Amino acid sequence: MCGRFTITVSLEELMLRYWIGEAAIPFHSPKYNVAPGQQVLAIINDGERNRLGELKWGLVPSWADDPKIGNKMLNARSETVHEKPAFKQLIQRKRCIIPADGFYEWQVTGSSKQPMRIVLQTRNIFSMAGLYDTWLSPDGTRLSTCTILTTSPNELMAPIHDRMPVILRPEQESLWLDRDIQQANQLRDLFVPYPAEELEAYPVNSAVGNVRNDDSSLIEPLAVAP
């Protein structure tokens, strides 16, 4: 699964990267330990332009009886997303991008787990494929949520974890956000693992395991004894 990530760039950098003209986000600061249940930045396309807003991480489908279901819907397997009741309608018209500049995964070695941060070798922002929906509570409160798609691991990720997020290339982003694209065969080619040779993984401090920790020390490479 994808359970933690980072987005440490400024709001201005995000707006420039995704061609966002304006954003109704009152405040944004670098996030070094984005966790499930938190508000995350997301991009959708309204048919005319890209829009940047916030969604709660943990999908609550519009038909759900209890919003707590979101705790179990942090990720969606891309291989079955067109079949599962929670996702098969969303994949047609409610696709979004979750921007990140790194994600964390825990590598099991013997009896220990080492947190690893995975980034582009260029250290640029990248786009994780997501789905979103809006749930309406009995009192009329709207809750907008999202999930991140995952795929099989590439050669870099395989020793670390058996899943990785679906990362879109920049030239694929407009297709993913295009609501007129609804057929499964038009999207499946996007779900392949991102090329291993364009990524880098390095160990980080175990403090990242605590969601209360959120500072730049979390992304510093951990010194490994020779």
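## Basis

Residues are numbered from 1 along each chain as its sequence is written, and side-chain values use heavy atoms, with hydrogens and water left out. In this predicted model, local features need pLDDT of at least 70 and side-chain atom pairs count only at pLDDT 80 or more, while totals for chains, interfaces and linings use all residues.

## Largest pocket

The largest pocket has a volume of about 410 Å³. A pocket is an open set of points on a 1 Å grid over the protein atoms alone, with protein on both sides within 12 Å along at least five of seven lines. Its volume is the space filled by probe spheres set on the points, which are joined across faces, edges and corners.

Two or more lining residues come from each of β3 (39–45), β4 (50–57), β9 (126–136) and β10 (142–151). Strand β4 gives the largest share, six residues. Helices (H or I, at least four residues) and strands (E, at least two) are DSSP runs, numbered from the N terminus. By class, the lining has 11 nonpolar, five polar and five charged residues. Here Ala, Val, Leu, Ile, Met, Phe, Trp, Tyr, Cys and Pro count as nonpolar, Asp, Glu, Lys and Arg as charged, and the others, Gly among them, as polar.

Helix α3 (residues 173–177) gives the most, three residues. Charged residues number six in this lining, with four nonpolar and four polar.

There is one cavity of 30 Å³ or more. A cavity is a set of grid points where a 1.4 Å probe fits but cannot get out. The largest cavity has about 40 Å³ of space. Its lining is Ile44, Asn45, Arg93, Arg95, Tyr132, Trp176, Leu177, Asp178 and Arg179. By class, four are nonpolar, one is polar and four are charged.

## Five-stranded sheet

Five strands form an open sheet in the order β2-β1-β7-β8-β13, with antiparallel pairing. Strands β2 (31–34) and β13 (199–203) are at the edges with a single partner strand each, so one side of each has no neighbour in the sheet. Neighbouring strands are turned by 30° against each other on average, direction ignored. The axes are lines fitted to C-alpha atoms, for helices over the stretch in contact, and angles run from 0 to 180 degrees between N-to-C directions.

Strand β1 (residues 4–7) pairs with β2 in the antiparallel sense over two bridges. Pairing needs at least two bridges found by DSSP. Ile7 stands opposite Lys31 in β2.

## Aromatic pairs

The whole structure has three aromatic pairs. Rings of Phe, Tyr and Trp (its six-membered ring) pair if their centres lie within 6.5 Å; planes under 30 degrees apart count as stacked, over 60 as edge-to-face and the rest as tilted. Phe5 and Trp57 have ring centres 5.3 Å apart and planes at 55°, so this pair is tilted. The pair links Phe5 in strand β1 to Trp57 in strand β4, 52 residues apart. Phe5 is buried at 2% relative accessibility, and Trp57 is buried at 2%. Buried means under 20% relative accessible area, exposed over 50%, partly exposed in between (1.4 Å probe, protein chains only).

Trp176 and Phe191 have ring centres 6.0 Å apart and planes at 80°, so this pair is edge-to-face. Trp176 lies in helix α3 and Phe191 in the loop between α4 (184–187) and β13, so the pair ties together parts 15 residues apart in sequence. Both residues, Trp176 and Phe191, are buried.

Definitions and conventions
1 Å grid on protein atoms, 1.4 Å probe; cavity = no way out; pocket = protein on both sides within 12 Å on 5 of 7 lines; lining within 4 Å.
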